[in-house]
Amino acid sequence: DVQATLYFSLPQVVAVYGTLSDLLSVASNKLGIKATSVYNGKGGLIDDIALIRDDDVLFVCEGEPFIDPQTDGRPHEGLTGSHTDWLTLNVGGRYFTTTRSTLVNKEPDSMLAHMFKDKDAWGNKQDHRGAFLIDRSPEYFEPILNYLRHGQLIVNDGINLLGVLEEARFFGIDSLIEHLEIAIKNSQPAEDHSPISRKEFVRFLLATPTKSELRCQGLNFSGADLSRLDLRYINFKMANLSRCNLAHANLCCANLERADLSGSVLDCANLQGVKMLCSNAEGASLKGCNFEDPSGLKANLEGANLKGVDMEGSQMTGINLRVATLKNAKLKNCNLRGATLAGTDLENCDLSGCDLQEANLRGSNVKGAIFEEMLTPLHMSQSVR
């Protein structure tokens, strides 16, 4: 137990124990009043019995603002603007006892400093207990007050750092804002950029109804084995499929626009009606692929990067390779009937044994291209440079 002296009109020495409510009950009985508040000798509101020390002098009131009876009714020095006096804040209904210097010294340009460094400069409102009213969240205010006390950011579990950050911005605690922004960034889970495995993707496929559109835009499949899978109509736009094994896969009408297929193996894949606009398939192997759709739907590889690809023996009737880059590519024995190769870069491309009947090569670059053993003669009207 702690022994303290209570003042109302006459001093009374009492033992302090239990809770603050117990102390107020004892004070009421001893002093013959209805005690509602207890202050320390400097005018600080006591809101926790643990703040009371042995032989403390306490002042009890019935709700009126604190007045020290030993100063002939004059307001206590603590309420006259001293920078070291104690004061109590009522933040959203919760009371905080602190000193004026705590609120002023660490962040002298903050809103809290301007509110309390000069008496009544902001016209701060007080409640019936004399506590200064602040209409903010007490949950988020507590870490800010503790930071002003000791300079450390300590936030209890379950407190949203974003809420504390918003309060720090509101009160203008600039040094704390930087700490909070770093803490929030560090608390974010690291982005997982690891490639999707065959097992994960097959599970994904099995869980998706056949009539539902499967969107894999921007996903990372780098190095995955997707061979012999049914990948029809799947949206792989901008996906990373570099070094993937897609041999014998069914990619009919799949969207591979701007996808990265560099170094991948697509041998004997079904690419009917595939969309590969501006895709990057540099160094990929597409031997024996079927781009030819009997229904007339044409594969579109316009603007694709196909440098050094091996497409030997592929069926590409009607394919759109407009302005694509096929430099150093191997297209031996390919069926390119009716293909659009206008503006295509075919420099050093091996087209020997190809069927180019009715193919459009206008504006294409055929420097160093090989046209040996053509199935049909190449008319000069088909190429202009």
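**Entry 1: L336 and the cores**

Which residues does L336 touch, not counting residues up to four places away in sequence? I looked this up in a predicted model. I found M316, I319, L321, L331, L351, C354, D355, L356, Q357 and A359 in contact with L336. I then checked the largest nonpolar core, which has 57 residues. L336 is among those with the most contacts inside that core, together with F236, F291 and L331. I also noted a second, separate core of 27 residues, including F132, V164, F171 and I173.

**Entry 2: The chain as a whole**

I listed the secondary structure and got seven helices and seven strands. Along the sequence I read the pattern β-β-α-β-β-β-β-α-α-β-α-α-α-α. The chain has 385 residues, and 47% of them count as buried. I looked up the accessible surface, which comes to about 19700 Å², with 48% of it belonging to carbon and sulfur atoms. Among contacts between residues at least 6 apart in sequence, 31% join residues at least 24 apart.

**Entry 3: L24 in helix 1**

I located L24 in helix 1, residues 20-31. Is L24 buried or exposed? Its relative accessibility is 16%, so L24 counts as buried, the cut-off for buried being under 20%. Leaving out residues up to four places away in sequence, L24 touches A35, T36, S37 and V38. I also noted V60, which is 36 residues from L24 in sequence, with 8.3 Å between the two C-alpha atoms.

**Entry 4: Helix 4**

I checked the length of helix 4, residues 138-150. Its 13 residues should span 18 Å at 1.5 Å a residue, and the end C-alpha atoms are 18 Å apart, so the two values agree. I marked the buried residues of helix 4 as P138, Y140, F141, P143, I144, L145, Y147 and L148. What covers these buried residues includes strand 5 (86-91), strand 6 (94-99), helix 2 (100-104) and helix 3 (111-116). Helix 5 (161-171) and helix 6 (174-187) are also included in the cover. After helix 4 comes G151, with a positive phi near 80°.

**Entry 5: D127**

I found D127 in the loop between helix 3 and strand 7 (132-134). How far away is the nearest side chain of opposite charge? It belongs to R129 and is 5.7 Å away. D127 is buried yet has no salt bridge. A salt bridge needs the nitrogen and oxygen within 4 Å. I noted N90, Y95 and L133 as residues that D127 touches, not counting residues up to four places away in sequence.

**Entry 6: Salt bridges**

I counted eight salt bridges. One of them joins R169 and E181, with the closest N and O atoms 3.3 Å apart. This pair links helix 5, which holds R169, to helix 6, which holds E181, across twelve residues of sequence. R169 counts as partly exposed because its relative accessibility is 42%, and E181 counts as partly exposed at 40%. I saw that E166 is linked with R169 and E181 in a network of salt bridges.

A further salt bridge joins E302 and R322, with 3.0 Å between the closest N and O atoms. Both residues lie in the segment after helix 7 (198-206), 20 residues apart.

I ended with R337 and D355, whose side chains meet in a salt bridge of 2.4 Å, N to O. These two residues are 18 apart in the segment after helix 7. R337 is partly exposed at 38% relative accessible area, whereas D355 is buried at 7%. D355 is also one of the residues that L336 touches.

Key: Residues are numbered from 1 along each chain as its sequence is written. This is a predicted model: local features need pLDDT of at least 70, side-chain atom pairs count only at pLDDT 80 or more; totals for chains, interfaces and linings use all residues. Side-chain values use heavy atoms; hydrogens and water are left out. A nonpolar core is a set of buried Ala, Val, Leu, Ile, Met, Phe, Trp, Tyr and Cys residues joined through side-chain atoms within 4.5 Å. Buried means under 20% relative accessible area, exposed over 50%, partly exposed in between (1.4 Å probe, protein chains only). Contact means heavy atoms within 4.5 Å. Helices (H or I, at least four residues) and strands (E, at least two) are DSSP runs, numbered from the N terminus. The expected span of a helix is 1.5 Å times one less than its number of residues. Lys and Arg count as positive and Asp and Glu as negative; His and the chain ends are not counted. Accessible areas come from the Shrake-Rupley method with a 1.4 Å probe; for residues, only the protein chains shown count as cover.
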